[in-house]
Amino acid sequence: MSTVELRGLRRTFGSVVALDRLDLDVHSGEFVSLLGPSGCGKTTALRIIAGFDWPDSGEVVVDGHDVLGLPANKRNMGMVFQAYSLFPNMTAQQNVEFGLRIRKQNHEARARRARELLDLVGLASAMSRYPRQMSGGQQQRVALARSLAIEPKVLLLDEPLSALDAKVRVQLREEVRRIQLELGITTLYVTHDQEEALSISDRVAVMSAGRLEQLGTPAQIYNGPRTSFVANFVGTMNKLEGVVISSEDRVVRCGPLTVTVPDPSFRHSVGETVELYVRPEDVRLELLSNGASPRAGSFEGRVTSLTFLGPVTRVGLQTDLGPLLSDVSSAVALNLAADTPVSVGLETDALRSLVSSTTTPDSSSSDSSPTALLS
Amino acid sequence: MAQVSTASAAPASHRLRRARSRVPLWHVLWLVLAAIFFLLPIYSVVRFSLEGILPGQGIFHWYQTVFDDPNFRSSFWLSVQISLETVAVSLVLMVPTVFWIHLRLPRLRPVMDLITILPFVVPPIVLIVGLAPYIEKFSWLAVRPEVLAFIYVVFALPFLYRALDGGLRAIDLKTLVEAAESLGSSIPGTLFRVILPNLRAAIIGGSLLTVAICMGEYTVASLLGFFTFPNYTYEIGTSTAYEGVALTFISFILVWAMMLALYLLGRGGRAAAGVAIRE
């Protein structure tokens, strides 16, 4: 098992900065996902580690040695690509054996290893099939087995599931994680799919404009985003504007509501306008009977839209604080319709004041709905 | 109710099948016209090659005459030899070049497109005039038929380049090369182990076109004084009509044989880049 350290990686393409002094440590046996929108530099970082690209400056250190001087075929890193990359003229078994043939292993040892690995990815029965005779999911499984056959120091996966349909993607990402845990191989996984990254990683590195925005466990990334970019890219956030009325006690007035921000790093002076963020699942709704007033600490809103998401329904609201989103149980949402008056409350413990990023997530590349940003 | 619907469904499906399998009349007509267009000249050639035979001579007399002529065999084998040399030189030059341009220098592709069109626009006679000073200087080389192979490489360039270009466009070259590299393969190793097997159909197609050009090239061989197959064909055609026509038909057969070889060899190399089927 190996460690990977990226130190001050910088890569430019003309005037475009793909990587801007990227630092990242991947521990031995760890599964780290590089998550970010298209063009954030995650694939560039992976290609530099693999040896298919070179940085303008910086270091790639594997097990304490800078590997930038080594060509790709000497780095011993397994890679699974986004595009189907099986050699069309070879069967699944021959594909898996390819790296072992280069290493001049004898026929029996190669065949045994290929059988083991194809069994590991659940394709023992497809050993003699050619790529054209396999589905996309099967091809990516064989590609994974092929990359593992050489016992790589590091496994690199560049959006390997993005060409597959949703159901196969979920199934295969679980298999990737199972195999990684079983082999304990240090793994870097590039994806723009936040759900994928959060569900299978030990740690997630959220990237934007060539920089690392935040590195943490999936729970830390989701529950404790440090920047507005991370908050908006990972999941959906409501944005509220407020005015600080007590700096010491971190009290902010947002329209009809006065809230205490739980974040101890909150440093703003009185009278300053601040942005607060709260996730839709932390916005509570209660039906208001005709003429009734919202209870203390809540405010009135009206339903503007209902989006069924399975177990929960996302409710669009028009309130005195502006438009808000709230996730409620789909069973509860059966009682709601457009223009229904509701009492809206916020889980004040979940309110966050975040550092603004210089970049905003590209909604086209995130899984968030177009209403994710309510600014 | 169910019986009624089953009974009416069966004839309907029959009708549907019949309608599907019925070939429209104008399709057949078109096919017959095309067949006449292609087969009539061949029929005429065969017919003519079986005429003019004196009593006591066999029906395939003119064919026998051609095969008995030592010039037929020598000129044919000379052309085959030059063709194979041309194919070998062309492949050695072009395969690594086109591979490298696709992989690392894609911006040069338009330049290559332009360069490879030149043999179309420069007539062979102009090429020979251009080569004349060199042929004079290296007269020892100009007397060897191998010199034709190097000249024919230029003529074959557009055809071989386009065949290879098409073959490389059909595969995801960059991903395949990077996948092989990540598994420890060097670039030359990747070219031989991965890329060439996937270019088999393109290489065979380009090679066959090269062979066809070499087997039919008359001007340069004639100017340089080599007695190749086209020169022999011309000579026979101008002296003995029946024998010349028989020779023409033999040429047809040889070309067909080569096309069949292409089909049989290409069939094994049709492992085109992974077309996924849905799970």
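Visitor: How do the elements of chain B run from the N terminus on?
Guide: From the N terminus, the order in chain B is α-α-α-α-α-α-α-α-α-α-α-α-α-α. Keep in mind that this is a predicted model.

Visitor: What does the secondary structure of chain B come to?
Guide: Chain B has 14 helices and 0 strands. Of its 279 residues, 26% count as buried. Take its contacts between residues at least 6 apart in sequence: 81% join residues at least 24 apart.

Visitor: What describes the way helix H4 and helix H13 of chain B cross?
Guide: Two packed helices are described by the angle and the distance between their axes. Here the axes of H4 (residues 70–103) and H13 (residues 229–239) of chain B come within 7 Å. They cross at roughly 145°.

Visitor: How do you know which residues of H4(B) and H13(B) make the contact?
Guide: The test is C-beta atoms within 7 Å. On the H4(B) side, B:Asn71, B:Phe72, B:Ser75, B:Phe76 and B:Ser79 make the contact. On the H13(B) side, B:Phe229, B:Asn231 and B:Tyr232 do.

Visitor: How many residues of each class has the contact of H4(B) with H13(B)?
Guide: There are 4 nonpolar, 4 polar and no charged residues.

Visitor: What does the secondary structure of chain A come to?
Guide: Chain A has 9 helices and 20 strands. Its C-alpha trace spans about 80 × 45 × 35 Å along the principal axes. Buried residues make up 46% of its 375 residues.

Visitor: Why are strand E13 and strand E20 of chain A called edge strands?
Guide: Start with the sheet. It is open, with 5 strands in the order E13-E12-E11-E14-E20 (chain A) and antiparallel pairing. E13 (257–260) and E20 (352–353) each pair on one side only.

Visitor: How do you know that E14 and E20 of chain A are joined?
Guide: Pairing needs at least two bridges. E14 (residues 273–278) and E20(A) have 2 and run antiparallel. A:Leu276 stands opposite A:Ser353 in E20(A). The two bridges reach the cut-off, so E14(A) and E20(A) count as paired.

Visitor: What do E12(A) and E13(A) form?
Guide: They form a hairpin, with 2 residues between the strands. In the turn, A:Gly255 has a positive phi of about 55°. The two strands pair in the antiparallel sense over 4 bridges. In E13(A), A:Thr260 is the bridge partner of A:Val251.

Visitor: Where are the domains of chain A?
Guide: The domain assignment gives domain 1 (4–228) and domain 2 (230–353). Their C-alpha centres are 39 Å apart. The contact takes 11 residues from domain 1 and 6 residues from domain 2 of chain A. On the domain 1 side, strand E10 (211–216) and helix H7 (218–223) each supply at least two residues. That side divides into 5 nonpolar, 4 polar and 2 charged residues.

Visitor: What makes A:Glu195 partly exposed?
Guide: A:Glu195 has 14 other C-beta atoms within 10 Å. Buried needs 20 or more, and exposed means 12 or fewer. The count of 14 falls in between, so A:Glu195 is called partly exposed. A:Glu195 lies in helix H6 (residues 194–200) of chain A. A:Val234 is 39 residues away in sequence and 8.4 Å away in space, C-alpha to C-alpha.

Visitor: How many residues of chain A are in contact with chain B?
Guide: 29 residues of chain A are in contact with 24 residues of chain B. Strand E6 (77–80), helix H2 (92–102) and helix H4 (136–149) of chain A each give two or more residues to the chain A side. H4(A) has the largest share, 4 residues. By class, the chain A side has 17 nonpolar, 9 polar and 3 charged residues.

Visitor: Which residues touch the most other members of the largest nonpolar core?
Guide: A:Ile49, A:Leu156 and A:Leu188 do, in a core of 122 residues. Helix H8 (residues 146–169) of chain B gives the most to this core, 13 residues.

Visitor: Why does this core lie between domain 1 and domain 2 of chain A?
Guide: Both domains give residues to this core, so it lies between them. Another core, of 22 residues, lies apart from it; A:Cys254, A:Leu317, A:Val344 and A:Leu346 are among its members.

Visitor: Which residues is A:Ile49 in contact with, leaving aside its neighbours within four places in sequence?
Guide: A:Ile49 is in contact with A:Val4, A:Val60, A:Met77, A:Leu156 and A:Leu188.

Technical notes. Residues are numbered from 1 along each chain as its sequence is written. Chains are lettered from A and ligands numbered from 1 in the order in which they are written. This is a predicted model: local features need pLDDT of at least 70, side-chain atom pairs count only at pLDDT 80 or more; totals for chains, interfaces and linings use all residues. Axes are lines fitted to C-alpha atoms, for helices over the stretch in contact, and angles run from 0 to 180 degrees between N-to-C directions. Two residues are in contact if their C-beta atoms, placed from the backbone, lie within 7 Å. Ala, Val, Leu, Ile, Met, Phe, Trp, Tyr, Cys and Pro count as nonpolar, Asp, Glu, Lys and Arg as charged, and the others, Gly among them, as polar. Domain bounds come from an automatic or database domain assignment. A nonpolar core is a set of buried Ala, Val, Leu, Ile, Met, Phe, Trp, Tyr and Cys residues joined through C-beta atoms within 7 Å.
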